[in-house]
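Welcome, and thank you for taking a look at this one with me. Below are some numbered notes to read alongside the picture.

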Amino acid sequence: MSLLEIKDIWRTYDLGAEPVHALQGLDLTIEQGEYLAIMGTSGSGKSTLMNIIGCLDKPTSGQYFLSGQNISTMTDDQLAEIRNRTIGFVFQQFNLLPRMTALENVMLPLVYAGVTGEQRRMRAEHALKEIGLAERMDHRPNQLSGGQQQRVAIARAIVNRPQIILADEPTGALDSQTAKDIMGVFNRLVEEGITVILVTHDQETANHARRIIRVRDGKIIGNQVREARTGGRP
Amino acid sequence: MNILQLFSIAWQGILSNRLRSGLTVLGIIIGIASVITLLGIGEGAKAEAEKQVTALGVNLIYIRPGSVGTGGISQGQGTAPTLTYEDAQAIKENCPAVQAVAAQYNSTYQVQFEENNTSTSVTATEPSYPGIRNFFPKRGRFFNDSEMNEAARVAVIGDAITENLFHGDNPIGRRILIRGELFEVIGEMEHKGVAQGNDMDDQVFIPITTGYTTLFGLNQVTGRSVRSILVQSHKDQDMQANFQITNLLRLRHNIQTEEDDFTLRTQADIMQTAQSITGVFSLLLGATAGISLLVGGIGIMNIMLVSVTERTREIGIRKAIGAKYGDILSQFVIEALLMALTGGVLGILLGVVGSHSISTFAKWTTVVTPISVILSFCVSLAIGLFFGIYPARKAAKLDPILALRSE
């Protein structure tokens, strides 16, 4: 069984007179442990695809199975639970809560998962150490550099041990050196067996992945499998 | 997610904009404090009215003659001379539910001691009067049965009369003139203040028999007519006494189908009247305070709506990492509740302090009842819930994708 199976998915928006078909019968299968990049220009439907993969949105028609569960028929609360336990999000703008410390931000998914007390703190600290931010746990986002903020966001994404990391332009707001560091973090996560899906329009970023999907007009127009990169880590 | 966690998240939300939360809470504080204070004033007025009614004795029934009509114009209750001293005697003898009776005739006369004089109410009554009224002499004594029987020229004066005629000197044994007739002062009443609209201290008491012989004489038709009869029933027997008196007087006055020529009012009636007046007063005060509370509640809703709009992105992030509908809903509802409750508790404190200062500085009786405190607390809770739910639902229903995109 594949980790993720998308079959003939359509996503249609009713915006005024004419319906807009953002996804038009798209099929995609992703295996456990893959390192995948989804590429496409703006308006190609890649964001819509990402929202559906991330269980933030539901397809208008078609089927989506994640670990064998049929996502298409789930309620909003069930989707929230899937997002909490199975998927970790990394955003271009980091999306940390500004009034919380790094540690508190990382603990947040555990709060919603019902993990309490010492257990929660320990797991959050562990995630931050793993990502190399052990010294800055008590800093607020505005006291951290962009790269550090993105590391906090990655720690938050992995703290609940998800199967998939979904990263939306994760290096878009970073300089090239920091971007390289962050991509190194993703490489390491893949080595640990986590499925990483990058959503980007940047070829350089996409080149880190082992398989690149190209999306245009709501359909997949290219599926390129690359050689595993060696020595990509800093 | 446990409740403690929810409170801590909501508390962070409140603290994130202290000034705004503070002003919102202030609205509730003012609302609750005014409810507490104004209800306190209302309750105080009620207690004061009750005190005034019961200050004049308990288990009382007031009997007054009907009114005289001259060419269709009523002269007002108590003007007809239909009630007599003999009626009072008959009630005393024939009504088992009655404990004590005092007939009264009062009129205003000039009272004089040496070169001082004053115009005051002269109340002619019976020796049973102090016991019924719970109003006793502090110096000397009240007149007794033998003085009553021989129509002795003795008088008991109120303490305001002592002040006016004797400038506070001991009046016992002095002789005063009432409308030119000589009386000996044998007692001085204790201070009572104003009760039921009458200054109880500005009065002179004389035996009613003396009144008929020296001051007001006899009525041509009915003889010894009285202005009112004061009856004290046995405890919890005022209904029976009422019934017995009514029947007795109808019999004596030969009333069959025509209207009674007398009226009975029990203390309970008077109490009810007083309470209905103060009740309206309390209601008006409460309504005024309620409006300010409502405005405070709208303030909470307003701020919560602004807060939800401002924190759209935060809501999106929380949803993306797994917050469910109920998580977001309770976060914002608890935030509203916390603000309302903070305002409620502080408002109650302020209201209690306010009531006490009004009692202290304005000399108004205020009564803060536990009920009004509990009520205010519950109302502030309800306001938080009511005005918090709509913004919270709005937040919980946000589409995470749109919320994440917002700036």
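1. A word on burial to begin with: a residue is called buried under 20% relative accessible area, exposed over 50%, and partly exposed in between, using a 1.4 Å probe and protein chains only. By that scale E48(B) is partly exposed, because its relative accessible area is 27%.

2. Please keep in mind that this is a predicted model, in which local features need pLDDT of at least 70 and side-chain atom pairs count only at pLDDT 80 or more, while totals for chains, interfaces and linings use all residues. Residues are numbered from 1 along each chain as its sequence is written, chains are lettered from A and ligands numbered from 1 in the order in which they are written, and side-chain values use heavy atoms, with hydrogens and water left out.

3. Let us turn to where the chains meet. Contact (heavy atoms within 4.5 Å) joins 24 residues of chain B to 25 residues of chain A. The two chains bury about 2100 Å² between them, with 59% of it on carbon and sulfur atoms; buried area here is the accessible area (1.4 Å probe) that two parts lose on being put together, summed over both.

4. Which side chains form the salt bridge between the chains? They are E81(A) and K324(B), at 2.7 Å from N to O, and the rule finds one such bridge across this interface. A salt bridge is a side-chain nitrogen of Lys or Arg within 4 Å of a carboxyl oxygen of Asp or Glu.

5. On the side of chain B that touches chain A, the elements giving two or more residues are α1 (3-15), α10 (312-320), α11 (325-362) and α13 (400-405). The largest share, six residues, comes from α10(B). Helices (H or I, at least four residues) and strands (E, at least two) are DSSP runs, numbered from the N terminus.

6. Now for the interior. A nonpolar core is a set of buried Ala, Val, Leu, Ile, Met, Phe, Trp, Tyr and Cys residues joined through side-chain atoms within 4.5 Å. The largest has 74 residues, of which L4(A), I53(A) and Y64(A) touch the most other members. Its largest share, ten residues, comes from α11(B). Leaving aside residues up to four places away in sequence, L4(A) touches residues including L28(A), I30(A), F65(A) and I197(A).

7. Apart from that core lies another, of 44 residues, with F216(B) and Y105(B) among them. F216(B) sits in the loop between α7 (208-215) and β13 (228-233) of chain B. Is F216(B) buried or exposed? It is buried, since its relative accessible area is 17%. Beyond residues up to four places away in sequence, F216(B) touches Y105(B), Y109(B), A124(B) and G211(B).

8. The whole structure holds 20 salt bridges over all chains. In one of them R20(B) pairs with E310(B), the closest N and O atoms being 3.2 Å apart. R20(B) lies in helix α2 (residues 18-55) and E310(B) in helix α9 (residues 267-310) of chain B, so the pair ties together parts that are 290 residues apart in sequence. E310(B) is exposed, at 51%.

9. A contrasting pair is K51(B) and E48(B), bridged at 3.9 Å from N to O. Both lie in helix α2 of chain B, three residues apart, about one turn of the helix. K51(B) is exposed, with a relative accessible area of 53%.

10. Lastly, R141(B) bridges to E147(B) at 2.7 Å between the closest N and O atoms. R141(B) is partly exposed at 37%, whereas E147(B) is buried at 9%. R311(B), E314(B), R318(B) and E335(B) are linked in a network of salt bridges.
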